[in-house]
Each structure stands twice: as structure tokens, then as C-alpha cells.
Amino acid sequence: IANAHYDISSFIKALEKFGETHDYQLNIIGEFTDELLSKINNTKVIKNINFLGYLPHKEAVKYTNSSDLLLLVIPNVPNNKLIYTGKLFEYIASDNPILCIGPKNGDAEIVIEKNKFGKSFEYTEVSKIYDFICSVSNGDFRRNTNINDVNKYSRKNLAYEFSKLIK
């Protein structure tokens, strides 16, 4: 969460509500701004957060694979409906539910929702984000782990599909 275009304020508000009745731990891996840190410092969620900073890729993947829920934020910038992030594909490979915050009908949302890898929400949908966090926590959300659906988004398969387009 490297800059202000990655708006997680709705996620933080949903976590505040979730924390009223549930225990949780949020690991933030990677770079984050002082602005983000000051926003989080002024909330109840700060006690549940581990700021891990930058980690080697292998170590970050271990956290991804052992998580109960993965947060993917699409930057709030012009033409963001077209944004896929490399993280999306790593998250798909983890077999863990994805909570995506981004534009409605964006490419990331289409991949996530069509394949039932998780749920996607617009930047301001606090109550829907909260409901999804609860459904994952309660075991009510079952992510699609069909190996064929997962494999079509693997690096190997995407490179193969790209090479077909080039030819």
C-alpha cells in the first residue's frame, strides 16, 4: 500500500466493526506511507496489525498462503477498470479468499467474481466489506479451488496464451 491511491479506509472501518466481536490479526507486508500509518494509528485496528515491511518474495508468499483472507486494492486512478495486478495472480494461486477493493466491473473484479475466488467491492462499501469478512470468518464463504480454474491464471498458462496472441 505504497501511496494515497490505494484507499483502504472502508476496509479499516469494516475491521473496526468486525473487531467488536472477533479477534483477528492483520499483517501488512510491503511499503506503506506515513499517511496510511497516521490513518490507521487513529483507529481501533492498530492493536491488531503487524507492520512487516518489505519481505523477500518467498517469505511474503508464505504469509499469503497461510492467510484466511487476502486484501487486494486496485488503485483509485483513471482507467483503473483495466488494471490487473501481479498480486491478483499470486492470490489466486494461494487458494485463499480474496477481498478486492476497486472499481465496479473492472477486470480484476470480473476475474475474481466470475471464478468465485472471492468478492470485489467499491471503495465506499463498508457494510458489504464487513459482511464478507464475517462470511469468511464464519466459514460461510467457500472459495473456488478447482485446479483447472486456478491453473488458467498461472504464469505458465498466461505466458502461453500471450505467446498465441503474438503469433
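**Cysteines, strands and charged pairs in a predicted fold**

Cys100 counts as buried, with a relative accessibility of 1%. In this text, buried means under 20% relative accessible area, exposed means over 50%, and partly exposed covers the range in between, using a 1.4 Å probe and protein chains only. The structure is a predicted model, in which local features need pLDDT of at least 70 and side-chain atom pairs count only at pLDDT 80 or more, while totals for chains, interfaces and linings use all residues. Residues are numbered from 1 along each chain as its sequence is written, and side-chain values use heavy atoms, with hydrogens and water left out.

A search of the whole structure returned zero disulfides, a disulfide being a pair of cysteine sulfur atoms within 2.5 Å. Cys100 takes part in none, and the nearest cysteine sulfur, that of Cys134, is 19 Å away. Seen from the other end, the sulfur of Cys134 has its closest cysteine sulfur in Cys100, and the 19 Å between them is too far for a bond. Cys134 is also buried, at a relative accessible area of 10%.

Next come the strands. Helices (H or I, at least four residues) and strands (E, at least two) are taken as DSSP runs and numbered from the N terminus. Two strands are said to pair if DSSP finds at least two bridges between them. An open sheet is formed by three strands in the order β3-β4-β5, with parallel pairing. Its edge strands, each pairing on one side only, are β3 (70-73) and β5 (118-121). From one strand to the next, the twist averages 20°. Strand β4, residues 98-101, runs parallel to β5 and is joined to it by four bridges. Contact here means heavy atoms within 4.5 Å. For the angles, axes are lines fitted to C-alpha atoms, for helices over the stretch in contact, and the values run from 0 to 180 degrees between N-to-C directions.

β1 and strand β2 (residues 49-53) run parallel, joined by four bridges, and Ile29 stands opposite Gly53 in β2. Together with helix α2 (residues 34-41), β1 and β2 make a right-handed β-α-β unit. Right-handed means that, with the strands pointing away from the viewer, the path from the first strand over the helix to the second runs clockwise.

Charged side chains come next. Side chains of opposite charge can pair when their charged atoms come close. A salt bridge requires a side-chain nitrogen of Lys or Arg within 4 Å of a carboxyl oxygen of Asp or Glu, and by this rule there are six. One of them links Glu20 and Lys44, whose closest N and O atoms are 3.9 Å apart. Glu20 lies in the loop between α1 (9-19) and β1, and Lys44 in the loop between α2 and β2, so this pair ties together parts that are 24 residues apart in sequence. Glu20 is exposed at 57% relative accessible area, and Lys44 is exposed at 52%. Lys128 and Glu125 also meet in a salt bridge, at 3.3 Å from N to O. Of this pair, Lys128 is partly exposed at 46%, whereas Glu125 is buried at 17%. In another salt bridge, the closest N and O atoms of Glu161 and Lys164 are 3.5 Å apart. These residues, Glu161 and Lys164, sit three residues apart in helix α8 (residues 155-166), which means they are separated by about one helical turn.

The loops complete the picture. Most residues other than glycine have a negative phi, and most peptide bonds are trans. Asn79, in the loop between β3 and α4, has a positive phi near 60° without being a glycine, and Asn79 is exposed at 62%. Asn80 is found in the loop between β3 and α4 (86-94) and is buried at 9%. Leaving aside neighbours within four places in sequence, Asn80 is in contact with Ile74, Pro75, Pro103 and Tyr123. Asp95, in the loop between α4 and β4, also is not a glycine and has a positive phi of about 65°; Asp95 is partly exposed at 35%.
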